[in-house]
Amino acid sequence: MFRNYYLLIIPLKALGFFFAFFSFISYFENLFLGYAMKDKPHSRRFFLKTSMAFAAWAAVPSTAKGFYVDKEELKMMYPLKISINKKIYNLPADTRTTLLDLLREKLDLTGTKKGCDHGQCGACTVHINGERVLSCLTLAATVHEAEVTTIEGLANGDQLHPMQEAFMECDGFQCGYCTPGQIMSAVACVNEGRTGSVEEIKEFMSGNLCRCGAYNGIVQSILKVAQA
Ligand code: FES
Ligand code: FES
């Protein structure tokens with residue numbers, strides 16, 4: 001929500017400027033009127049006003065450029081080493097970047113889909129060290145030296161993974177948007193041994209939503225691979 005919070009700096013700095021301006025007016029009023037009225041200018045109120053004025057003035061940037069904070073300067077980069085689909089990548093990653101954004105935006109591995117971006121739909125499922133994980137909830141910096149497999153890395157060259165074959169044979173998809181996540185979860189579901197019954201498969205695939213309602217085909221695909 002506050003990803004662009006640096007924009008708040010501009011109104012805050014402007015506020016600081018006006019505060020300093022009015023405090024200075026107060027300072028001179030106190031100084032001159034105080035003398036004119038033979039009042040003591042060095043009262044506690046005088047001290048507070050003047051010190052606040054100088055503090056506010058110091059907070060105001062001395063150049064127009066100082067009002068702007070370069071978005072790039074806010075980035076903290078992490079030297080990430082990661083294996084994706086058996087290929088090693090060494091790249092600097094913004095510490096705020098999710099694994100999903102790294103895959104899609106930086107590495108052009110767009111097979112992994114962004115559905116909700118909030119851990120609700122399962123479209124972004126990938127494997128990290130053999131376990132299924134929601135890449136939209138995983139910061140890239142936390143998978144340093146990990147082994148990531150995406151839908152692009154599931155096939156063996158031109159030979160599709162048995163789960164990919166099964167999805168095609170059993171009509172496990174319609175529009176296909178949820179399918180990469182479904183397949184990655186389905187492979188993990190089989191590896192985890194959670195295929196004892198249709199109910200068990202449904203339970204352990206419940207984190208993957210399909211708007212097209214291809215659930216029957218998905219369950220049949222998983223059963224087919226599990227029983228092969
Ligand atoms: S995009 Fe990650 S769970 Fe929906
Ligand atoms: S096949 Fe369309 S959302 Fe699942």
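**Close-up views of a predicted model**

**View 1. Strands β1 and β5 pair side by side.** Strand β1, residues 77-84, pairs with β5 in the parallel sense, over 2 bridges. This is a predicted model. One bridge can be named by its residues: serine 83 has glutamate 147, in β5, as its partner.

**View 2. Five strands form an open sheet.** The sheet holds 5 strands. Their order is β2-β1-β5-β3-β4, and the pairing is mixed. Which strands stand at the edges? They are β2 (87-94) and β4 (131-134). Each has a single partner strand, so one side of each is left without a neighbour in the sheet. Neighbouring strands are turned against each other by 40 degrees on average, direction ignored.

**View 3. Helix α5 packs on the sheet.** Helix α5 covers residues 179-191. It touches two strands, β3 (125-128) and β4. The direction of α5 makes about 40 degrees with that of β3.

**View 4. Helices α4 and α7 pack together.** Two packed helices are described by the angle between their axes and the distance between the axes. Here α4 spans residues 162-169 and α7 spans residues 215-227. Their angle is about 135 degrees, and their axes are 8 Å apart. Why are the two helices called oblique? Angles over 145 degrees count as roughly antiparallel and 65 to 115 as roughly perpendicular, with the rest as oblique once those under 35 are set aside as roughly parallel. The α4 and α7 pair is therefore oblique. The crossing of α4 past α7 is right-handed.

View 5. From α4 come Pro162, Met163, Ala166 and Phe167. From α7 come Ser221, Lys224 and Val225. These contact residues divide into 5 nonpolar, 1 polar and 1 charged.

**View 6. Leucine 160 sits in a loop.** The loop lies between β5 (147-149) and α4. Is leucine 160 buried, exposed or partly exposed? It has 14 C-beta neighbours inside 10 Å, so leucine 160 counts as partly exposed. Being buried takes 20 or more, and being exposed takes 12 or fewer. Leaving aside neighbours within four places in sequence, leucine 160 is in contact with Ala155 and Glu165.

**View 7. The whole chain gives the setting.** The protein chain has 7 helices and 5 strands. Along the sequence they follow the pattern α-α-β-β-α-β-β-β-α-α-α-α. Of the 228 residues, 28% count as buried. Take the contacts between residues at least 6 apart in sequence: 58% of them join residues at least 24 apart.

Terms used: Residues are numbered from 1 along each chain as its sequence is written. Chains are lettered from A and ligands numbered from 1 in the order in which they are written. This is a predicted model: local features need pLDDT of at least 70, side-chain atom pairs count only at pLDDT 80 or more; totals for chains, interfaces and linings use all residues. Axes are lines fitted to C-alpha atoms, for helices over the stretch in contact, and angles run from 0 to 180 degrees between N-to-C directions. Helices (H or I, at least four residues) and strands (E, at least two) are DSSP runs, numbered from the N terminus. A crossing is left-handed if the near helix is turned anticlockwise from the far one by less than a right angle, and right-handed if clockwise. Two residues are in contact if their C-beta atoms, placed from the backbone, lie within 7 Å. Ala, Val, Leu, Ile, Met, Phe, Trp, Tyr, Cys and Pro count as nonpolar, Asp, Glu, Lys and Arg as charged, and the others, Gly among them, as polar. Two strands pair if DSSP finds at least two bridges between them.
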